Amino acid sequence: MPTLEFGLDTFLPVTVDEAGLPIGGDQVIRNAVEEAVLAEAVGIDSFNIGEHYRTEFMDSAGHVVLAAIAGRTERIRLGTAVTVLSTQDPVRLYTDFATLDAVSNGRAQLIVGRGSLIDSFPLFGFDLADYEELFEEKLDLLVRLLRQQPVTWSGNFRSPLMDQFVSPPIPAGHIPTWVGVGGSPQSVIRAARFGLPLMLAIIGGRPERFAPYVELYKRALQQHGQSELPIGLHSLGFVAETDDEALKIQWPYYKEQFEWAARERGWRPPTYGQFLAEVDHGSMYVGSPETVAQRIAAVMRTLSLSRFDLHYAIGRIPHDRRMATVELYGREVIPRVRELLTAAPEPDDAAAVVGT
Amino acid sequence: MTSVASIELAEGVASTTRPEVDDLSLGIVGAGKFGTTLARAAVAAGYDVAISGSGPAGDIALTIDVLAAGTRAATTDEVVRHADIVVLAVPTHRFRELGSDLFAGKILIDATNYWEPVDGHDPELTAAPGGTSTIVQEHFPSARVVKSLNQLGYHQLQEHQRPKGAPDRIAIGAAGDDHLAVRQVMRLLDRLGFDPVDAGPLNNGLPLEPDGSPIATTYSADELSKLVTR
């Protein structure tokens, strides 16, 4: 079994204080640093920040936050979840993360993908219709910069490079870069073609339905002559002392997120029944440490995963509750998942666990 | 005019007025998560399915082999020639890249859903008072557009297929101006494992569109019939 990695992912949501009032964006960012420092203290392997350009998320310059975390920690890996590569300049992305890798003594990592929102396209002057071409071209350049400099390269969306060295240099194999996919088969194949590990973003429905995508990835790796590579999963969740407490805290904030959109557009917010179904057998890992650990271990076995990232505390859940989830995830959930996976039953038993 | 499409009605119409009832060919344009999931469901229902991506058939060969075994990977032109019913399963912001005459005379099931945060701002689709399929019909004037198969997330399509008569069988609507086309789509829905509901003309498409919940609501045939007649 490859080395297991357990991460935390966050978009730095604007949270509320104890009185239910939103706190300032600057405080949200400093709170995230505290959450990451705690994450290291309780043994979590990585802390990964998204990339959005909206009023409810403060993660528009995640690499700066990661650098601050680097200065306060020694071991935890520092990454993205996800970097919206299509609207970034790969050269700038390289310089940011090679520098982060240096200040953190080799702890930088990336997940590149589309993300589910497209705000960065109009903001930076890109056309969503070019999405596929943009991603393909930028991934090609990024991978070249990471793997072998100098780089000679030309494309359609930026100026060409001729025998170009970009500083700072990084040691071979540094800045592991995963490709995040949300279910597009072509994206799965692209990850394999570039020889990059696969990060599945599953935010709804039964996770076992992604088993064919895992198979597709493995077949595509073979077809492109690549060796076996790790597969990870990003899903939503919240951990509290008991199942009831976790549900009680997470549900109103989950609901609230969609109610805003519902008011604006005349949409229907999710029902509590739908939320419970996701918690029970879908893609939300909400509950006591034991409940969450059982579900994570089951999905890791079923999909042959070696990495699991918990996108923790959805919505405006206050900082102290977020801290409590970080602590329980690190101190109780992760050790329990490791224990469950070490005592791995036959694959048939694993499927049974998922089905319960 | 809206009626609950009981299975008997759909079958009765089929056997008396459509001699080609046994035409089990289906085309799917779009080999993404939805297209491949639908292909798998259609193959299981006994259909001969051809599917295309945006390029040559070889580009999607491995995807189809793994995700939709038994389906033929083809070019979009071949898919259109393959069947009288073709499903439009491309990302919504890309349907305008397809030629306006591509589906001439064909039944085109518009399974796309427009969601601005994902598809980008499209003034025409945002404003469409009769639902986005009316815009799709305008782009493909010679196609017999039926709005259907858009109500469920692709994973729900997989999880909710049930045999005829199952108590928890859910409904999928079909809205279109060509009644014969709507009935043929209803027959397809039934064979796929869903209770078909006639949702009226194409410009009655709004009730079939996503309501913004992260998890699409599922309905019984009775519930959906009420929803589309409101």
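Where in chain A is A:Gly155 found?

## A glycine in a loop

A:Gly155 belongs to the loop that connects strand 6 (151–153) with strand 7 (161–164) of chain A. The model described in this report is predicted. In this model A:Gly155 is partly exposed, with 16 other C-beta atoms within 10 Å. When neighbours within four places in sequence are left aside, A:Gly155 is in contact with A:Glu137 and A:Leu141. A:Gly155 and A:Val214 are separated by 59 residues in sequence, and their C-alpha atoms lie 31 Å apart in space.

## An enclosed strand of chain A

Is strand 12 (residues 307–312) of chain A enclosed or open? In this strand, 6 of the 6 residues are buried, so strand 12 of chain A is largely enclosed by the rest of the structure. In a regular strand, side chains alternate between the two faces of the sheet.

Strand 12 of chain A pairs in the parallel sense with strand 1 (residues 5–10) of chain A over 5 bridges. Within chain A, A:Asp9 stands opposite A:His311 of strand 12. Strand 10 (residues 231–239) of chain A also pairs with strand 12 of chain A in the parallel sense, over 6 bridges. There, A:Ser235 has A:Leu310 as its bridge partner.

## Two helices of chain A

Helix 2 (residues 62–72) of chain A has the buried residues A:Gly62, A:His63, A:Val65, A:Leu66, A:Ile69 and A:Ala70. Viewed down the axis of helix 2 of chain A, these buried residues fall within an arc of 155°, so they line one face of the helix. An α-helix has 3.6 residues a turn, so residues three or four places apart point the same way. The exposed residues A:Gly71 and A:Arg72 are carried on the face of helix 2 of chain A that is turned away from its buried side. The cover over the buried residues of helix 2 of chain A includes helix 1 (25–41), strand 2 (46–49), strand 3 (77–80) and helix 3 (90–103) of chain A.

Helix 3 of chain A contains 14 residues and reaches 20 Å from its first C-alpha to its last, close to the 20 Å expected at 1.5 Å a residue. Its buried residues include A:Pro90, A:Leu93, A:Tyr94 and A:Asp96, as well as A:Phe97, A:Leu100 and A:Asp101. Among the elements that cover the buried residues of helix 3 of chain A are helix 2, strand 5 (110–113) and helix 5 (131–147) of chain A.

Most residues other than glycine have a negative phi, and most peptide bonds are trans.

Chain B has an open sheet of 8 strands in the order 3-2-1-4-5-6-7-8, with mixed pairing. Strand 3 (72–74) and strand 8 (195–198) of chain B stand at the edges, each with a single partner strand, so one side of each is left without a neighbour in the sheet. Strand 1 (residues 25–29) and strand 4 (residues 85–88) of chain B run parallel and are joined by 3 bridges.

## The contact between the chains

The contact takes 30 residues from chain A and 22 residues from chain B. Helix 3 of chain B gives the largest share of the side of chain B that touches chain A, namely 4 residues. By class, this side of chain B has 8 nonpolar, 11 polar and 3 charged residues.

Notes: Residues are numbered from 1 along each chain as its sequence is written. Chains are lettered from A and ligands numbered from 1 in the order in which they are written. This is a predicted model: local features need pLDDT of at least 70, side-chain atom pairs count only at pLDDT 80 or more; totals for chains, interfaces and linings use all residues. Two residues are in contact if their C-beta atoms, placed from the backbone, lie within 7 Å. Ala, Val, Leu, Ile, Met, Phe, Trp, Tyr, Cys and Pro count as nonpolar, Asp, Glu, Lys and Arg as charged, and the others, Gly among them, as polar. A residue is buried if 20 or more other C-beta atoms lie within 10 Å of its own, exposed if 12 or fewer, and partly exposed in between; C-beta atoms are placed from the backbone. The arc is that of the directions from the helix axis to the C-beta atoms. Two strands pair if DSSP finds at least two bridges between them. The expected span of a helix is 1.5 Å times one less than its number of residues.
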